[in-house]
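Thanks, everyone. I have a few minutes and one model to walk through. Please look at the screen.

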Amino acid sequence: MGKLATLELEDRAAQVREQLTAAIAQYGRLVYSNSLGAEAMVLTDIIATDFPQIDMFSIDTGRLHEQTYTVLEKLQHRYGNRIRVVAPDAPSLERLVAAQGVNGFYSSVDARVSCCGVRKVEPFRRAVAAYAAWITGVRREQSAERAQGAPQEWDARYGLYKLSPLLDWSEAEVWQYIRARALPYNALHDRQYPSIGCSPCTRAIQPGESRRAGRWWWEQTESRECGLQPRPPLPGQRAAVA
Ligand code: SF4
């Protein structure tokens, strides 16, 4: 990476630090919902290095790829177990599996939304409950819905503010940051998985497909979200799970 690119990247990272510093002054307690994706490598590094007062958690849905557990373990080792791992509520999970089977999420959009509700949304709601604002690594480039976001906005679904300090970062900048610091990352990113969720619900994308095309690929919709980020309601479907 050239000297100019390095300086620009450092400037971008400094802007993230400024945003987080201002947010702490404004909201007090902050928590980062760590997706363990490429953007998460950037935010984990910045937060773990410079913001000991910001908490971090990651949701272990129980259906993650082995490569995702590997990168989680590397982050815990590198940053001293800074990431709290949050699990779904066990009785709720047992009821879900009893009702729809272990892979019931393939059977319908409602079944899939129910699974995301138990494995992701409820643990998320629990993890952010005590905070005034949560941090996410979403970027505008990732989807038409995310392109409409703001760096700070009220998240009415969960009753706290949402901060997106990487909103205007490009994918190239994310990877420049990862490479410049030799950060760990999910090995699936090298196998055409730009967006990684649960193992049974994520596949590699083909050339020319959108970066989220591998998520819930059997659902024929332009906007697939698990409920942690907004999505428009689809015809004949209840509004975002959420
Ligand atoms: S992504 Fe798939 S396995 Fe994971 S919570 Fe949602 S439906 Fe369930």
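The crossing of H4 and H5 is left-handed, meaning that the near helix is turned anticlockwise from the far one by less than a right angle, with clockwise counting as right-handed. This is a predicted model, where local features need pLDDT of at least 70, side-chain atom pairs count only at pLDDT 80 or more, and totals for chains, interfaces and linings use all residues. Residues are numbered from 1 along each chain as its sequence is written. Helices (H or I, at least four residues) and strands (E, at least two) are DSSP runs, numbered from the N terminus.

Back to the pair. H4 covers residues 90–100 and H5 covers residues 109–128. Their axes come within 10 Å and cross at roughly 165 degrees. Axes are lines fitted to C-alpha atoms, for helices over the stretch in contact, and angles run from 0 to 180 degrees between N-to-C directions. H4 and H5 are therefore roughly antiparallel. For these labels, angles under 35 degrees are roughly parallel, over 145 roughly antiparallel, 65 to 115 roughly perpendicular, and the rest oblique.

Which residues of H4 and H5 make the contact? From H4, Ser92, Leu93, Leu96 and Gln100. From H5, Ala111, Ser114, Cys115, Val118 and Glu122. Contact here means C-beta atoms, placed from the backbone, within 7 Å. The residues of this contact divide into 5 nonpolar, 3 polar and 1 charged. Ala, Val, Leu, Ile, Met, Phe, Trp, Tyr, Cys and Pro count as nonpolar, Asp, Glu, Lys and Arg as charged, and the others, Gly among them, as polar.

Cys115 comes up again at the ligand. It is among the closest of the 13 residues that surround the ligand, with Cys116, Arg119, Cys198 and Cys201. The cut-off is a C-beta atom, placed from the backbone, within 6 Å. That shell has 7 nonpolar, 2 polar and 4 charged residues.

Now the sheet. It is open, with 6 strands in the order E3-E2-E1-E4-E6-E5, and the pairing is mixed. Strands pair if DSSP finds at least two bridges between them. E3 (83–86) and E5 stand at the edges with a single partner strand each, so one side of each has no neighbour in the sheet. The twist averages 30 degrees from one strand to the next. Helix H1, residues 3–27, packs on the sheet and touches E1 (30–33), E4 and E6. The directions of H1 and E1 make about 130 degrees.

Take E6, residues 160–163. E4 (residues 133–135) pairs with E6 in the parallel sense over 3 bridges. Trp134 stands opposite Lys162 there. E5, residues 152–155, runs antiparallel to E6, joined by 4 bridges. Lys162 is also the bridge partner of Glu153, while Gln152 stands opposite Leu163. E5 and E6 form a hairpin with 4 residues between them, and Gly159 in the turn has a positive phi of about 75 degrees.

Key:
Two residues are in contact if their C-beta atoms, placed from the backbone, lie within 7 Å.
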